[in-house]
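Please look at the sequence and the structure together, and follow the chain from one end to the other before reading on. The paragraphs below are meant to be read with both in view.

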Amino acid sequence: MTAQTPAMEPYSRHVLICTGEFCSPDRGGRALYARLSMLLQREGLLFGPRRVKRGETPCLGVCVGGPILVVYPEGVWYAGVTAELLERIVVDHLKNGQVVQEAVFHRLALES
Ligand code: FES
C-alpha cells in the first residue's frame, strides 16, 4: 500500500467557527457556519487563489461570549458573532483585509 501525497490549492485565509453549546447556548455558530459558504460565494471567495477555507469545530477553548470565530493567518478572534457581524467579517476582513476592530477580543501575538 502506498500513501498518497496530499495536495493543497492556494488560499488566502482560514476561518474556524465554534458550533459548541458552551460559548453559545443556542448553538448560533451552526447557523453562522451554514451561512458562511453563501457569503463567501457571493463575495467571490469560495474558489480560486483568494479563496477562504472554512471549518466548524465543537470548541475553540473560549467557551463564553460566543459564537466565537477566528481568522488565520492573522489569528484574529471575534466574539458574539451575529449574522450581521458575520457579513461584515466576510466583506471587510476576508475580502478587503480590514479587521472589524470593535468585535475583536484577542489577536495572535506574532514574533518579529
Ligand atoms: S464551546 Fe465555543 S469556544 Fe468552547
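The model you see is a predicted one, and the protein in it has two helices and five strands. If you start at the N terminus and follow the chain, these elements come in the order β-α-β-β-β-α-β. The radius of gyration is 15 Å, which is close to the 13 Å that the globule rule gives for 112 residues, and therefore the protein is as compact as a globular protein of that length. Along the principal axes, the C-alpha atoms fill a box of roughly 45 × 35 × 35 Å. How much of the contact in the protein is between residues 24 or more positions apart? Among the contacts with a separation of 6 or more, such pairs account for 64%.

We can now turn to the inside of the protein, where 26% of the 112 residues count as buried. In soluble globular proteins, nonpolar side chains tend to be buried together. In this model the largest nonpolar core has 21 residues, and the members that touch the most others in it are I17, L36, L69 and L86. Two or more residues of this core come from each of β1 (13-18), α1 (28-42), β3 (69-72), β4 (76-78) and α2 (83-95), and the element that gives the most is α1, with five residues.

Which residues make the contact between α1 and α2? On the side of α1 they are L32, R35, L36, L39 and L40, while α2 brings A83, L86, E87 and V90. Sorted by class, the contact of α1 with α2 consists of seven nonpolar and two charged residues, with no polar ones. L36 and L86, which take part in this contact, are also among the residues that touch the most other members of the largest nonpolar core.

Finally, the backbone itself has some details that deserve a careful look. Most residues other than glycine have a negative phi, and most peptide bonds are trans. Against that background, notice the peptide bond that joins G66 and P67, which is cis, with an omega of about -5 degrees; P67 is in the loop between β2 (52-57) and β3. A cis peptide bond also joins Y72 and P73, here with an omega of about 20 degrees, and P73 is in the loop between β3 and β4.

R27 has 16 C-beta neighbours inside 10 Å, and so R27 counts as partly exposed. C63, in the loop between β2 and β3, is not a glycine and has a positive phi of about 75 degrees. C63 counts as partly exposed because it has 14 C-beta neighbours inside 10 Å.

Technical notes. Residues are numbered from 1 along each chain as its sequence is written. This is a predicted model: local features need pLDDT of at least 70, side-chain atom pairs count only at pLDDT 80 or more; totals for chains, interfaces and linings use all residues. Helices (H or I, at least four residues) and strands (E, at least two) are DSSP runs, numbered from the N terminus. The radius of gyration is taken over C-alpha atoms; the globule rule is 2.2 Å times the number of residues to the power 0.38. A residue is buried if 20 or more other C-beta atoms lie within 10 Å of its own, exposed if 12 or fewer, and partly exposed in between; C-beta atoms are placed from the backbone. Two residues are in contact if their C-beta atoms, placed from the backbone, lie within 7 Å. A nonpolar core is a set of buried Ala, Val, Leu, Ile, Met, Phe, Trp, Tyr and Cys residues joined through C-beta atoms within 7 Å. Ala, Val, Leu, Ile, Met, Phe, Trp, Tyr, Cys and Pro count as nonpolar, Asp, Glu, Lys and Arg as charged, and the others, Gly among them, as polar.
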